[in-house]
There are 2 protein chains.
Amino acid sequence: MKQKNIYIVDDHVLFANALSNLVNSFPEYNCDRIFSNGAELVEALQQGEKEPDIILLDVKMPVMDGIATMRWLHQNKPDLKVLTLSMEDNELTIIQMIKYGAGGYLLKDIDPKTLKKALDLIDEQGYYYTDMVTETLMRTINGDKKQSEVDFKDNELRLIELACSERTYTEIAEEMNLSPKTIDGYRQAIFQKMGVKTRVGMVIYAIKHGLVQI
Amino acid sequence: MKQKNIYIVDDHVLFANALSNLVNSFPEYNCDRIFSNGAELVEALQQGEKEPDIILLDVKMPVMDGIATMRWLHQNKPDLKVLTLSMEDNELTIIQMIKYGAGGYLLKDIDPKTLKKALDLIDEQGYYYTDMVTETLMRTINGDKKQSEVDFKDNELRLIELACSERTYTEIAEEMNLSPKTIDGYRQAIFQKMGVKTRVGMVIYAIKHGLVQI
DNA sequence: ATAAAAAACAGGAAATTGCCCCATCAAAAA
DNA sequence: TTTTTGATGGGGCAATTTCCTGTTTTTTAT
């Protein structure tokens, strides 16, 4: 029997390691590597490292969060199977993740049996949608939800996340290795898309729409 | 060699199980039982069940959360050694937990080695305080005596609420029929109490602590 | 290879925020 | 009564944010 390789992407080292142990306790699966954020995963894949059979991707992470990572994977490695893991059942996040090709969206409070089942099904058929996810999708399709049709670019999302802190824009620019003036340009674009006039407005919009987790 | 028994209290089944696996991977420790909230633990202890050597207690749980559980343990089983686990380094939570006799406060993103070390030290000397905890305690002591009870005055709460919007402070002053300078005074007091440096910091603190609904 | 589009960057200026130290006045405490 | 405290308001100033106007560089498409 050939084992399936699993990558875990999660900034909570303890959880990631523990999850890795759990995965390895299933004889059919083997957790190869743990990444503490999306950027590390992306870098590894770009270096041409061996690709896993399934990725377990945390939604909330620093540096490059789950949504940004999922978007990158969708564009660059559309065939990779990904199970996203989250603490909360944030409707917008679910929709975005599925839209970007995630094969499933699990809450972190599922039990090991369900995880096993999800791994099995995603391996076989490429997806495993819980009732929660299908319900959300149904509601969305039936149009009763005000899906924010705005979508932000990776850099914009990154700025939004960093702006939800006490950093100044100059500090954010340093962190993103860009000129403060570029950041200012992103900021204006974001304000425009969100329809806000101040940084506080941006922060509240971001939190309301699940663009950042606090 | 006699193994030390560990109880885990966490509502995230996946995390709890994974953590349990991790603990069991240390030869010196053995995780006996997992409880999904504080109430279950309390009930078990009241029934006279065997007491563990160390409890790993999650802070954020439904039914009976970590703080409530810690308080009960402090009153009823003061000798039990407890390590609290949390996602965030919330200053107030840290203080309360330590006040109620928690032997340590770990973020969930620590690595397994640190967990092992924490277990060892808490077993030996009854406590393991990270730099984060000691720093917080220092700040609290050096700050002022009633720091543990951060309560905001009505006017401050009103300002906090109005500040969670795109209003300028001048507009807020008009809305509250006060001078902008008075508002500025409130703002400084709020910053002090919250330990923040910017309005964005205030907004995020307010949302995190449920001071405003968004 | 070249034109078009985008991303990155800049100068300048007004508005807002954040941070000092200080004044007044009334109520409470000593 | 005297002192202290707290709420209110002020002047001034530096840092930051916000909003314009652009130019240069890189990517993309034809």
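At what angle do the axes of helix α7 and helix α10 of chain A cross, and within what distance do they come? I worked on a predicted model, in which local features need pLDDT of at least 70 and side-chain atom pairs count only at pLDDT 80 or more, while totals for chains, interfaces and linings use all residues. Residues are numbered from 1 along each chain as its sequence is written, chains are lettered from A and ligands numbered from 1 in the order in which they are written, and side-chain values use heavy atoms, with hydrogens and water left out.

**Helix packing in chain A.** I found that the axes of α7(A) (residues 154–163) and α10(A) (residues 199–208) come within 9 Å and cross at roughly 105 degrees. Helices here are DSSP runs (H or I, at least four residues) numbered from the N terminus, and axes are lines fitted to C-alpha atoms over the stretch in contact, with angles from 0 to 180 degrees between N-to-C directions. The two helices are therefore roughly perpendicular to each other (the label covers 65 to 115 degrees). In contact (heavy atoms within 4.5 Å) are A:I160, A:L162 and A:A163 of α7(A) with A:R199, A:M202, A:V203 and A:A206 of α10(A). These residues divide into six nonpolar, no polar and one charged, where Ala, Val, Leu, Ile, Met, Phe, Trp, Tyr, Cys and Pro count as nonpolar, Asp, Glu, Lys and Arg as charged, and the others, Gly among them, as polar.

I then looked up α7(A) against α9(A), which pack at about 90 degrees with axes 10 Å apart, and these helices are therefore also roughly perpendicular. On the α7(A) side the contact is made by A:N155, A:E156, A:L159 and A:I160, and the α9(A) residues include A:I183, A:Y186 and A:R187. By class I noted seven nonpolar, one polar and three charged residues in this contact.

**Salt bridges.** A:R187 also meets A:D184 in a salt bridge at 2.9 Å, N to O (a side-chain nitrogen of Lys or Arg within 4 Å of a carboxyl oxygen of Asp or Glu). Both residues lie in α9(A) (residues 180–194), three residues apart, about one turn of the helix.

**Interface of chain B and chain A.** The contact takes 34 residues from each of chain B and chain A. From chain B, α1 (13–25), α5 (112–125) and α10 (199–208) each supply at least two residues, and α1(B) gives the largest share, nine residues. The side of chain B that touches chain A has 19 nonpolar, seven polar and eight charged residues.

How values were computed. Parallel < 35°, antiparallel > 145°, perpendicular 65-115°, else oblique.
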